[in-house]
Amino acid sequence: MSFWRKLACVVLVLVIGASLAANWLAPAGYAKQYREAADAPPSRMHWLGTDEIGRDRFARVLYGTRISLLLAPAAALLSTLMAALIGGLAGYLGGIWARMAMSVTDLFMSLPWLFLLITARALMPLNVSPLVSVLVTFLLLGFLGWTAAARVLCTTAGSLRASDFVRQARAAGLPGQRLFWIHVVPNLKPVLYAQFWISIPVFILSEANLGILGLGVAEPMPSWGSLLKELEGLVSVGEEPWKFVPLILLVVVVTSFQVLLSRQEELAA
Amino acid sequence: MRRLRWKIAGHALALLATVLLGGLLSATLVRLAPGFNVDERELDPHLNAQSLQALHDARNRDRNVFQFYFSYMNRAAHGDLGPSLALGQPVRTLLRDRLPLTLRLLGVGLALAWMLTLTLALSAAWLRLSVYDTLSTVLSGTFLCLPAAVLALLSVLWNVPGSLAIALIVFPHTYRYARNLLVKAYSRPHIITARAKGLGEARILFWHVVPVVTPQLLAVAGVSVSLAVGAAIPVEALCGLAGVGQLAWQAALARDLPLLVNITILVTLVTLLANCGADVISHVVRGQET
């Protein structure tokens, strides 16, 4: 493992560890208001200052990181499973099934990702409780993010179906279902793992985009998207640099994922 | 030539089918969306019983998705795209007013993105300096790790035009492909031989590299249009630019679903046209080579 990969691993472990320890590091929680210290600069009590309604920014960053970093992999898992089911099966069955699945995939992929997300988000109710908004946002990412992975899996499963060992197993009389589970699925695993890991930074960035546009996680629940929305009111960078901490954290985490995933991307392609 | 005509006809058919299917899918999803049957206008105390009944009847007519879609397509063929519920204006007027700005933004943004991409990728392939390659990869990687909406916010903060924000959103995606393609092309044995024989860089580029990478770069160019359309939403929404991207965002926030269906069809059409166009040009280029 190269130095940069080790560093990326350490960064991710530290950030995930800190976000999981949010209850101990910021026991007051993300919603507690310090009304006497609204929009305060960093101090010993509030390491990253407070937001405009007096909530501790450090606590919100920790809890927001937890939400984004725990739910993005959950959405990635959902989208990978859907891709495996649709793409893997379509590729294995071939013929009209593969063509139908790929037509649906093309239809989804003909729309820009962010546009598809905001359109689908608009179909869901917008005035919902914070917890429901978190679920809706990440379920949406999971349900819509399967298309690219399905295409790759369909091609891989199609080439496996035509491979010599699968043909020999079929000729030896192995039933279709058994053949799929014993010979095809294990060979799809590396591509599935790669697709899963690649989806995580994509979903983190997508949630951030939705949050900034006001279509993501609802207040008072924090997420990187809702925390970045604070940048909207800034007049200059030097004025309140501590407001950039969520952005720096997001860039560091996504960069760490990219460094770790450079080999996975080659595999997925 | 005949084969090209067939290719164009095939693309046109696929495009038409996708747009029609996409529109039907959007219209169906809109009907399944919670709150579809609710019309805020019914709360207006100024409306009498007849007006309320007319609203009710109109909604009942629209409930059947196939009936609605057929009549929508019929009206659309005559240039009537219906009204926007949230903005109270005909969709056609809204799109006509906003489309020029979006097209200009996308055109300039894509031109800047490709200038940056080709400059950096070509110099990385020419120079073959690991420091330069690392620096340009880090630069594109940094932009790749920034959410599009943050780049839009930063462009407002630094008073940078929206088209540059679009360029910086698209550039990291195109750069990765262009750099890999060019580096791969320059490492081909015949190009290494040509260099060893002292052939000029310009001649190598235009005679040996460009013909090899053009079809793949055209495919990436088609995809970059889709990326730019996606980037236009946060850029227009957060930079206060009254284009189609901002309209889509406003429609999403107001849950103006009929307007969203129209924009979905328009966006699908634009991205598919770009991809088909890139494919046809690529086919022509390949044909000229052979």
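The secondary structure of chain A comes to eleven helices and zero strands, and in this predicted model chain B likewise holds eleven helices and zero strands. The two chains touch each other through a contact that takes 38 residues from chain B and 32 residues from chain A. Within each chain, one helix pair is described below, H3(A) with H9(A) and H4(B) with H9(B).

**Chain A as a whole**

- Read from the N terminus on, the elements of chain A follow the order α-α-α-α-α-α-α-α-α-α-α.
- Taken along the principal axes, the box filled by the C-alpha atoms of chain A is roughly 75 × 45 × 30 Å.
- Of the 269 residues in chain A, 45% are buried, and 69% of the chain A contacts with a separation of 6 or more join residues 24 or more positions apart.

**Chain B as a whole**

- The elements of chain B, again from the N terminus on, run α-α-α-α-α-α-α-α-α-α-α.
- Chain B has a radius of gyration of 24 Å, whereas a compact globule of 290 residues would have a value near 19 Å, and its C-alpha atoms fill a box of roughly 90 × 55 × 30 Å along the principal axes.
- Buried residues account for 36% of the 290 residues in chain B, while residues 24 or more positions apart supply 74% of the chain B contacts with a separation of 6 or more.

**Helix pair H3(A) and H9(A)**

- Helix H3 (residues 57-93) of chain A packs against helix H9 (residues 176-212) of chain A at an angle of about 140 degrees, with the axes 7 Å apart, and the two helices are therefore oblique to each other.
- The crossing of H3(A) and H9(A) is right-handed, and the residues of their contact divide into 16 nonpolar, six polar and one charged.
- On the H3(A) side the contact includes Ser68(A), Ala72(A), Pro73(A), Gly88(A) and Tyr92(A), and on the H9(A) side the residues include Phe180(A), Val184(A), Gln195(A), Phe203(A) and Glu207(A).

**Helix pair H4(B) and H9(B)**

- The axes of helix H4 (residues 91-127) of chain B and helix H9 (residues 201-239) of chain B come within 10 Å and cross at roughly 140 degrees, so H4(B) and H9(B) are oblique to each other.
- H4(B) passes H9(B) in a right-handed crossing, and by class their contact has nine nonpolar, three polar and one charged residues.
- From H4(B), the residues Thr102(B), Leu105(B), Leu106(B), Gly109(B), Leu110(B), Ala113(B) and Trp126(B) meet Glu201(B), Ser224(B), Val225(B), Ala228(B), Val229(B) and Ala232(B) of H9(B).

**The side of chain B that touches chain A**

- Two or more residues each are given to this side by helix H1 (2-32), helix H5 (130-144), helix H6 (148-157), H9, helix H10 (244-253) and helix H11 (257-289) of chain B.
- The largest share of the side of chain B that touches chain A, seven residues, comes from H9(B), which is also the helix that H4(B) crosses.
- By class, the residues of the side of chain B that touches chain A divide into 28 nonpolar, nine polar and one charged.

**A loop residue of chain B**

- Gly88(B) lies in the loop between helix H3 (65-77) and H4 of chain B, and Gly88(B) counts as exposed because it has 7 C-beta neighbours inside 10 Å, where the cut-off for exposed is 12 or fewer.
- The C-alpha atoms of Gly88(B) and Val285(B) are separated by 47 Å, the two residues being 197 residues apart along the chain.

Notes
Residues are numbered from 1 along each chain as its sequence is written. Chains are lettered from A and ligands numbered from 1 in the order in which they are written. This is a predicted model: local features need pLDDT of at least 70, side-chain atom pairs count only at pLDDT 80 or more; totals for chains, interfaces and linings use all residues. Axes are lines fitted to C-alpha atoms, for helices over the stretch in contact, and angles run from 0 to 180 degrees between N-to-C directions. Helices (H or I, at least four residues) and strands (E, at least two) are DSSP runs, numbered from the N terminus. Angles under 35 degrees count as roughly parallel, over 145 as roughly antiparallel, 65 to 115 as roughly perpendicular and the rest as oblique. A crossing is left-handed if the near helix is turned anticlockwise from the far one by less than a right angle, and right-handed if clockwise. Two residues are in contact if their C-beta atoms, placed from the backbone, lie within 7 Å. Ala, Val, Leu, Ile, Met, Phe, Trp, Tyr, Cys and Pro count as nonpolar, Asp, Glu, Lys and Arg as charged, and the others, Gly among them, as polar. A residue is buried if 20 or more other C-beta atoms lie within 10 Å of its own, exposed if 12 or fewer, and partly exposed in between; C-beta atoms are placed from the backbone. The radius of gyration is taken over C-alpha atoms; the globule rule is 2.2 Å times the number of residues to the power 0.38.
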